[in-house]
Amino acid sequence: MTRTLPVSVVIPTIGRAAQLERCLESLAGCDPQPAEILVVDQSCASATADVVARFSALGAKTVRCDGRGISLAMNVGLRAAANRTVLVTHDDCRVDPSWVAVACEFMADDPDGIVTGRVLPLGDPTRVPSVRIDPLPRDYTGELQVSVLSPHNMAVNRDRVLALGGFDENFRQAAEDCDLCYRWLQAGGGLRYEPAMLVWHDDWRDDAELDRLHTYYLYWLAFFYAKHLRRRDPAVIRFVLGTFYWWVHGAVSSLIRRHPKRTSNPRWFIQGFPRGFRDGWRAYRPAGRSRAGS
């Protein structure tokens, strides 16, 4: 009989039923299994609930979430979780059979910390965003970083994250992980990368969807920078400069190689970054602070 561990898994979804089913099938292959799986559904579609119901024997259940936004979904899932240790993946990912066991083992070493892991592409690696293939573990505790937390492969202490303010719900599509990572490390929280904690990220987007994805990644990254600059945090300046260097380097490479869709298309930056910075600056003016993550 498959063992269960006293942990919750949270999966935010906007109704990608076929991908969600594959994700839940991968969780069904884990040994041991989590005590519960919470699918936080913002789609208002019956297909999601139907898929989740087929995995009810695993402790899978649908958590309704009115409104839209990845941060909102994450906060709803964390608050609904019955267990202090919460594992997080996304509906377009599949987890390794050892994922639950390995994540719990690492969290046992630091129950108040966050552990993030390896994300490998499932398909064409040039078309899968947000992968992380580093073969060596690393402890980021005591550093100040922005982009070292993989939101579709992490284990967190629910109580500690919520005590920090949870995920900032102004971040509706992306960079919620950057913001939490930055605030968490700034507050002295422990954060480790452990490659043995493994998920695969699906290649499923067409060119138009990839264009939109990269554009709003840059939009929300700029939104994040504006938030912390508005709050007079000079430590974030080096990350802003790093992003500009990355963009210029990528843009030059794109022109030389003539493969902008596979490297860094300048259009993504031009369409995303300025608008994101403007909107973030406005969102965090003194009279209009965020609802969470303060």
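A residue is called buried when its relative accessible area is under 20%. The legends below describe a predicted model.

**View 1. Phe223 and its burial.** Phe223 has a relative accessible area of 5%, so this residue is buried.

**View 2. The aromatic pair of Phe171 and Trp220.** The two rings are tilted, with 45 degrees between their planes and 6.2 Å from centre to centre. Phe171 belongs to the loop between helix 5 (158-163) and helix 6 (176-186), while Trp220 belongs to helix 7 (residues 207-230), so the pair ties together parts that are 49 residues apart in sequence. Both Phe171 and Trp220 are buried.

**View 3. The aromatic pair of Trp220 and Phe223.** This pair is tilted as well, at 55 degrees between the planes, and the ring centres lie 4.9 Å apart. Trp220 and Phe223 are three residues apart in helix 7, which means that about one helical turn separates them.

**View 4. A cluster of aromatic rings.** Tyr182, Phe224, Tyr225, Phe239, Phe244, Phe269 and Phe273 are linked into a cluster by ring pairs. For the model, the count of aromatic pairs comes to 15.

**View 5. Arg132 and the ring of Tyr193.** Here a charge sits over a ring: Arg132 lies over the face of Tyr193. The distance from Arg132 to the ring centre of Tyr193 is 3.7 Å.

How values were computed. Residues numbered from 1 in each chain as written. Predicted model: local features only at pLDDT ≥ 70, side-chain atom pairs only at ≥ 80, totals over all residues. Heavy atoms only, no water. Phe/Tyr/Trp six-rings, centres within 6.5 Å; stacked < 30°, edge-to-face > 60°. Helix = DSSP H or I, 4+ residues; strand = E, 2+ residues; numbered from the N terminus. Buried < 20%, exposed > 50% of the residue type's maximum accessible area, 1.4 Å probe, protein only. Lys NZ or Arg CZ within 6 Å of the ring centre and 35° of its normal.
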